[in-house]
Amino acid sequence: MAYNVRTMVLGVILLLSGATASGQTILYVDSSATGPGHDGSSWCTAFTELHEALAVVTAGSIIRVADGVYRADPTGLADPREATFALSSGVTIEGGYAGCGAPDPDQRDIEQNETILSGDLLANDPDIDDYRGCCNSTFAPGCPDETCAAAVCAEQSLCCDIQWQTSCAELAADLCSTLCDSKDDNAYHVVTASGTDETAVLDGAIVMAGFANVGNIPSDQNVGAGMYMIGGSP
């Protein structure tokens with residue numbers, strides 16, 4: 001079964017959510033950074049993509065990420081869907097910052113300043129409201145998409161002959177995901193953390209839109225849409 005994951009990653013290591021230990025390097029990431037220049041040294045000269053910071057970060061460093069949507073880089077991959085944000089031991093990623101242009105760029109509120117790590121590599125998924133509209137449990141006769149509605153009725157006739165119920169909407173979401181919005185170009189794994197230890201930290205981020213959908217038996221491409229991990233404990 002494929003999974004489309006939206007997960008809030010909450011911080012539990014208070015030391016790493018507070019003051020920075022002496023000597024630690026801080027890199028900044030902000031999709032709205034104005035520059036000039038983007039070397040990650042401050043909020044307004046921040047890297048605009050998280051993968052840029054991950055490419056140069058060293059153990060013992062902290063990456064602070066402002067609100068925005070960030071996608072992994074598929075450049076150079078034979079299969080672009082293998083793009084992922086790989087966690088590393090000794091590296092902390094902290095989301096939820098206000099960032100460049102805010103009265104206090106270092107203000108951190110993970111609910112107000114949503115840092116989203118998305119598997120929607122081509123940025124072509126509809127937003128969540130559009131997706132719900134495709135297979136809405138209260139819409140009569142069910143799905144406004146006629147092809148989707150027909151697929152549901154063929155599978156479970158009571159949805160059309162008797163009453164469209166929540167179970168019908170759930171069936172529609174499963175049957176019609178490629179009709180409502182295609183995720184077949186989304187990343188298999190938004191985040192990977194194999195081989196990491198407890199010094200690899202992802203704190204205050206939303207992980208969503210991974211799509212591990214290849215094959216019917218367990219494999220590395222049909223599990224772990226949000227985070228894929230073997231032998232790791234971040």
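This is a predicted model: local features need pLDDT of at least 70, side-chain atom pairs count only at pLDDT 80 or more; totals for chains, interfaces and linings use all residues.

Colleague: Thanks! How many aromatic pairs does a search of the whole structure find?

Modeller: Rings of Phe, Tyr and Trp (its six-membered ring) pair if their centres lie within 6.5 Å; planes under 30 degrees apart count as stacked, over 60 as edge-to-face and the rest as tilted. Searching the whole structure on that basis, the number of aromatic pairs is two.

Colleague: What kind of aromatic pair do Y28 and W43 form?

Modeller: Their ring centres are 4.8 Å apart and the planes make an angle of 65°. Y28 sits in strand β2 and W43 in the loop between β2 and α2, 15 residues apart; strands are DSSP runs (E, at least two residues), as helices are (H or I, at least four), numbered from the N terminus. Y28 is buried at 13%, W43 is buried at 7%, and the pair is edge-to-face.

Colleague: And why is the pair of W43 and Y97 tilted?

Modeller: The centres of these two rings lie 5.5 Å apart. W43 is in the loop between β2 and α2 and Y97 in strand β6, so the pair ties together parts 54 residues apart in sequence. The pair is tilted because its planes are at 45°.

Colleague: Now the charges: which residue forms a salt bridge with R64?

Modeller: A salt bridge is a side-chain nitrogen of Lys or Arg within 4 Å of a carboxyl oxygen of Asp or Glu. For R64, the closest N and O atoms of the bridge are 3.6 Å apart. R64 lies in strand β3 and its partner in strand β6, so the bridge ties together parts 30 residues apart. R64 is buried at 10%, and the partner, buried at 1%, is E94.

Colleague: How far apart are the closest N and O atoms of R108 and D203?

Modeller: R108 is in the loop between β6 and β7 and D203 in strand β9, 95 residues apart. R108 is partly exposed at 26%, whereas D203 is buried at 6%. The closest N and O atoms of this salt bridge are apart by 2.4 Å.

Note on methods:
Residues are numbered from 1 along each chain as its sequence is written. Side-chain values use heavy atoms; hydrogens and water are left out. Buried means under 20% relative accessible area, exposed over 50%, partly exposed in between (1.4 Å probe, protein chains only).
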